[in-house]
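Please look at the model before reading on.

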Amino acid sequence: MSTLENGIHCSPAIHAPGERQITFGQAIREAIAEEMARDERVFVIGEDVAAAGSVFKVLVGLLDEFGPERVIDSPISEAGIAGIGVGAAITGMRPIVDIMFGDFTTLVMDQLVNQAAKTHYMSGGKLTVPMVLRTTLGASRRSAAQHSQSLHALFSHIPGLKVALPATPFDAKGLMKSAIRDENPVVIFEDKMLYQEQGPVPEEEYTLPLGQADVKRTGDDITIVATSSMVYVALEAVEKLDSIGISAELIDPRTTTPLDTDTLVQSARKTSRALVLDEGYRQYGVTGEIASVIADGAFYYLDAPVKRIGAMNVPVPFSPAMEDLTIPNADYVVETAKSLCG
Amino acid sequence: MSETNDTNPSLNELDAEHWLQAYEQMVKIRTFEETANELYTSARMPGITHLYIGEEAIAVGVCEALRQDDYITSTHRGHGHCLAKGAALDKMFAELLGKEAGYCRGKGGSMHIADQETGNLGANGIVGGSAGIATGAGMSIKLRGTDQVSVCFFGDGALGQGLLYESMNMAQLWKLPVIYVCENNQYGEYTHNSKAAAGSMVGRASGFGVHAQAIDGQDIRTVHATARLVIDRARKGGGPAFLVCNTYRFRGHHVGDIDRPYRTREEEEEWAKRDPLTLLEDWLLKSKQAEEHVLERIQQEVKTAVDDAVAFAEEASFPSESEVDNHVYA
């Protein structure tokens with residue numbers, strides 16, 4: 001583990017020994033609880049966040065600790081609670097708006113895209129919207145097309161919003177705390193499949209800057225950029241590649257907006273090859289932007305075209321026999337990497 | 001439907017001085033809007049704008065019942081709300097002309113004027129888009145434990161937006177101090193509300209248990225008296241209210257809508273008989289609270305102030321190029 005000071009590249013090892021291990025879900029909860037204790041302006045509003053502790057049980061205990069005034073069960077009114085978040089943020093609070101499934105963020109589009117993202121700019125810098133909208137992404141839960149999408153690209157497109165996609169418990173806690181303290185609207189996407197994932201998280205206070213990529217593994221032959229749960233798919237691929245003599249460098253941007261372009265470009269210049277992996281639909285996905293950034297910045301250093309891998313361009317199907325086909329897997333990443341390194 | 005002040009003596013609490021102040025505010029809005037129209041027709045203003053002429057009694061009647069630290073959210077037809085809440089003429093015109101001296105440094109324009117100092121959380125280009133923001137301000141007031149009030153202005157066109165109903169539902173569930181003021185000017189853009197809003201307007205809110213009433217939006221005394229009651233009630237924890245203020249958009253949807261084929265001239269002439277400024281003038285004179293020359297002096301003073309503000313705005317600088325990507329993030 002590298003140093004926590006300045007929050008620079010803090011989590012290269014995903015299972016480092018000798019540290020407290022907690023789950024991704026516990027890390028999120030701990031971040032929110034710490035920030036609520038630290039700052040009385042922070043409150044949580046959403047469907048089933050209080051009495052039920054959220055459908056994924058991530059917020060269990062918050063109601064007892066902070067009471068119903070600050071942990072608020074809302075009606076099933078996504079646009080309404082997002083709007084309440086914007087208004088509360090403009091007037092001095094620091095709301096955390098909980099949108100149960102990332103698929104439901106389509107219902108809050110106006111409040112995020114036209115209101116939250118633009119208020120600071122349109123007011124000439126006078127009003128600010130320090131609000132967090134936390135939601136989920138990711139398939140594989142056999143939940144079909146309206147509970148499985150990874151829609152972070154939609155928000156990454158919008159100037160004025162920040163978008164974070166933590167992959168590890170360490171990153172989840174550090175990014176969530178930074179998001180809550182940020183003066184801007186920040187959308188955090190948490191992969192539903194990661195909530196039980198264990199990882200080292202220090203007891204002591206830390207935050208991670210929004211806009212700083214993390215090099216999860218260093219390597220020499222190819223750069224693999226991966227987000228959220230795709231970091232684990234990439235890790236599996238990195239180990240397989242290692243066994244056949246290909247040394248891959250794994251980079252997690254951690255935030256898609258702002259994007260740490262320097263780290264991505266420097267790595268691609270070093271390895272001469274790059275592959276971008278993300279669970280969003282491949283068409284017009286964040287992989288397109290990241291691949292373009294690398295192609296622009298490292299063009300004269302590259303030995304192969306930048307490749308990108310995303311979810312299949314189909315609505316996520318229900319049947320396991322089909323759903324698994326739509327999501328990138330390690331073998332496909334290995335094959336793609338081999339073809340670039342051949 | 002409408003209420004009169006005469007049945008309730010407490011509704012006429014304002015003395016002559018305050019009524020003259022309200023009159024001045026209404027004249028200011030009327031003159032501002034007529035001048036904005038001139039700026040458009042003489043090609044001195046970029047873009048278009050939506051005029052509030054005919055609806056002045058609502059913004060002023062409500063805002064005169066508010067404190068400076070109370071909040072409002074406004075609409076695309078928002079100049080009246082901004083001015084009534086205390087915005088300055090010069091910064092308003094500068095914003096309309098896209099100048100750096102404007103309220104939003106030229107980044108917002110006519111539809112997005114915000115002014116934190118007077119509690120204006122922003123006009124909004126999305127119809128009904130501020131219902132959540134005003135309700136969130138109410139939530140913020142409740143959580144911070146102050147006795148402020150939040151007022152959400154919107155037109156009858158916003159009755160078609162689901163966000164309004166999600167917001168009112170939560171405001172009533174949590175007894176938030178939010179006043180939803182529906183300015184029923186009869187038309188959503190070019191479509192009469194008889195083609196857009198089924199059933200009862202007040203019933204939309206009373207169904208949630210929100211205190212709801214329809215009033216004459218042309219008579220500032222009625223608007224102000226009603227606003228005072230519901231605002232005081234909200235301030236004391238009584239929860240939200242919904243006012244349908246029946247009014248009329250004397251001009252087109254925007255300054256370029258001059259033919260207005262979707263409505264008759266006869267209908268416009270009927271409503272013109274109930275001009276909110278004339279109604280207040282008549283009452284002030286008849287009740288001997290003001291003489292003609294006092295009203296004329298106010299009109300002249302406002303005209304001079306508006307002319308000065310326009311001169312300031314026209315002389316002001318456009319934002320520098322470096323301003324274009326400033327304030328994307330805080």
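The model described here is predicted.

**Record annotations**

UniProt, in an unreviewed entry, places the feature "domain: Transketolase-like pyrimidine-binding" at residues 22-197 of chain A. Over residues 22-197 of chain A, the chain is 37% helix and 17% strand. The end C-alpha atoms of that span are 8 Å apart. For chain B, an unreviewed UniProt entry gives the annotation "domain: Dehydrogenase E1 component" for residues 25-319. Residues 25-319 of chain B are 44% helix and 11% strand, and the end C-alpha atoms lie 30 Å apart.

**The seven-stranded sheet of chain A**

Strands of a sheet pair through backbone hydrogen bonds, and the pairing is either parallel or antiparallel. In chain A, seven strands make an open sheet with mixed pairing, in the order E3-E2-E4-E5-E7-E6-E12. Strand E3 (71-73) and strand E12 (255-257) of chain A are the edge strands, and each pairs on one side only. From one strand to the next, the twist averages 20°.

Inside this order, strand E5 (residues 132-137) and strand E7 (residues 186-191) of chain A pair in the parallel sense over six bridges. Which residue of E7(A) stands opposite A:Arg134? The residue is A:Ile188.

Helix H6 (residues 169-181) of chain A lies across strands E2, E4, E5, E6, E7 and E12 of chain A. H6(A) runs at about 160° to E7(A).

**Helix H4 of chain A**

Helix H4 (residues 109-122) of chain A has buried residues, among them A:Leu112, A:Val113, A:Ala116, A:Thr119 and A:Met122. An α-helix has 3.6 residues a turn, so residues three or four places apart point the same way. What covers the buried residues of H4(A)? The cover comes from both chains: it includes H3, E5, H5 and E7 of chain A, together with helix H5 (131-144) and helix H6 (162-173) of chain B. Just after H4(A), A:Gly124 takes a positive phi of about 65°.

**Two helix pairs**

Two packed helices are described by the angle between their axes and the distance between the axes. The table gives these values for two pairs.

| Helix pair | Angle | Distance between axes |
|---|---|---|
| H3(A) and H6(B) | about 70° | 8 Å |
| H1(B) and H11(B) | about 45° | 9 Å |

H3(A) and H6(B) pack at an angle of about 70°, which makes H3(A) roughly perpendicular to H6(B). H3(A) passes H6(B) in a right-handed crossing. On the side of H3(A), the contact involves A:Glu78, A:Ala79, A:Gly80, A:Ile81 and A:Ile84, which meet B:Leu163, B:Glu166 and B:Met170 in H6(B).

The other pair lies within chain B. H1(B) (residues 16-41) and H11(B) (residues 292-315) pack at about 45°, which makes H1(B) oblique to H11(B). H1(B) also passes H11(B) in a right-handed crossing. Residues in this contact include B:Leu20, B:Tyr23 and B:Val27 of H1(B), and B:Ile298, B:Val302 and B:Val306 of H11(B).

**The five-stranded sheet of chain A**

Five strands of chain A form an open sheet in the order E9-E11-E10-E13-E14, with mixed pairing. Strand E9 (214-217) and strand E14 (307-311) of chain A stand at the edges with a single partner strand each, so one side of each has no neighbour in the sheet. Neighbouring strands are turned by 25° against each other on average, direction ignored.

Strand E10 (residues 222-226) and strand E13 (residues 274-281) of chain A run parallel and are joined by four bridges. A:Ile224 has A:Leu275 in E13(A) as its bridge partner. H8(A) packs on the sheet, touching E9, E10, E11 and E13 of chain A, and its direction makes about 175° with that of E11(A). Helix H11 (residues 330-341) of chain A lies across E10, E13 and E14 of chain A, at about 150° to E13(A).

**Backbone details in loops**

A:Pro258 is in the loop between E12 and H8 of chain A. The peptide bond from A:Thr257 to A:Pro258 is cis, with omega near -5°.

A:Lys57 is not a glycine, but has a positive phi of about 65°. The loop that holds A:Lys57 runs between E2 and H2 of chain A. Is A:Lys57 buried or exposed? A:Lys57 counts as exposed because its relative accessibility is 51%, and exposed means over 50%.

In chain B, B:Arg105 has a positive phi, near 55°, and is likewise a residue other than glycine. B:Arg105 lies in the loop between H4 and H5 of chain B. With 28% relative accessibility, B:Arg105 counts as partly exposed.

How values were computed
Residues are numbered from 1 along each chain as its sequence is written. Chains are lettered from A and ligands numbered from 1 in the order in which they are written. This is a predicted model: local features need pLDDT of at least 70, side-chain atom pairs count only at pLDDT 80 or more; totals for chains, interfaces and linings use all residues. Side-chain values use heavy atoms; hydrogens and water are left out. Two strands pair if DSSP finds at least two bridges between them. Helices (H or I, at least four residues) and strands (E, at least two) are DSSP runs, numbered from the N terminus. Axes are lines fitted to C-alpha atoms, for helices over the stretch in contact, and angles run from 0 to 180 degrees between N-to-C directions. Contact means heavy atoms within 4.5 Å. Buried means under 20% relative accessible area, exposed over 50%, partly exposed in between (1.4 Å probe, protein chains only). UniProt positions are given in the numbering used here, feature names are shortened, and annotations may be inferred rather than shown by experiment. Angles under 35 degrees count as roughly parallel, over 145 as roughly antiparallel, 65 to 115 as roughly perpendicular and the rest as oblique. A crossing is left-handed if the near helix is turned anticlockwise from the far one by less than a right angle, and right-handed if clockwise.
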